[in-house]
Amino acid sequence: MLKSKLIERLNKIDGDFEVMILDGFNGGGYLRDINLGPCLTSIDSDNVENCADCEGRLAEIVIEMGYGCY
């Protein structure tokens, strides 16, 4: 995704939310194209259970971005 497109999409989201990425390689994987989001999402119980970054944040709204949606 081009920087200009990312900025355009982020500017369409009202509010000041934390941006989180979907990570399939524990932060140490290969470079990937961003092709999901940014979009608002809610931290669910699976996120809390499986990700230390989400502990204590159930139902918090964040901006989600990632890759892997083709």
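Student: Where is the place of Pro 38?

Tutor: Pro 38 sits in strand β2, residues 36-42. Strands here are DSSP runs of E, at least two residues, and helices are runs of H or I, at least four, numbered from the N terminus. This is a predicted model: local features need pLDDT of at least 70, side-chain atom pairs count only at pLDDT 80 or more, and totals for chains, interfaces and linings use all residues. Residues are numbered from 1 along each chain as its sequence is written, and side-chain values use heavy atoms, leaving out hydrogens and water.

Student: Which peptide bond is cis?

Tutor: The one from Gly 37 to Pro 38, with omega near 0°. Most peptide bonds are trans.

Student: And what is phi of Ala 59?

Tutor: Near 75°, a positive value in a residue other than glycine. Ala 59 lies in the loop between α2 (45-50) and β3 (61-66).

Student: What pattern does the protein chain follow along the sequence?

Tutor: The order is α-β-β-α-β. That makes two helices and three strands.

Student: New topic. How many residues of the protein chain count as buried?

Tutor: 19% of the 70 residues. Buried means under 20% relative accessible area, exposed over 50%, partly exposed in between (1.4 Å probe, protein chains only).

Student: How many positive and negative side chains are there?

Tutor: The protein chain has 6 positive and 13 negative. Lys and Arg count as positive, Asp and Glu as negative; His and the chain ends are not counted. The centres of the two sets lie 13 Å apart, placing each charge at NZ of Lys, CZ of Arg, CG of Asp or CD of Glu.
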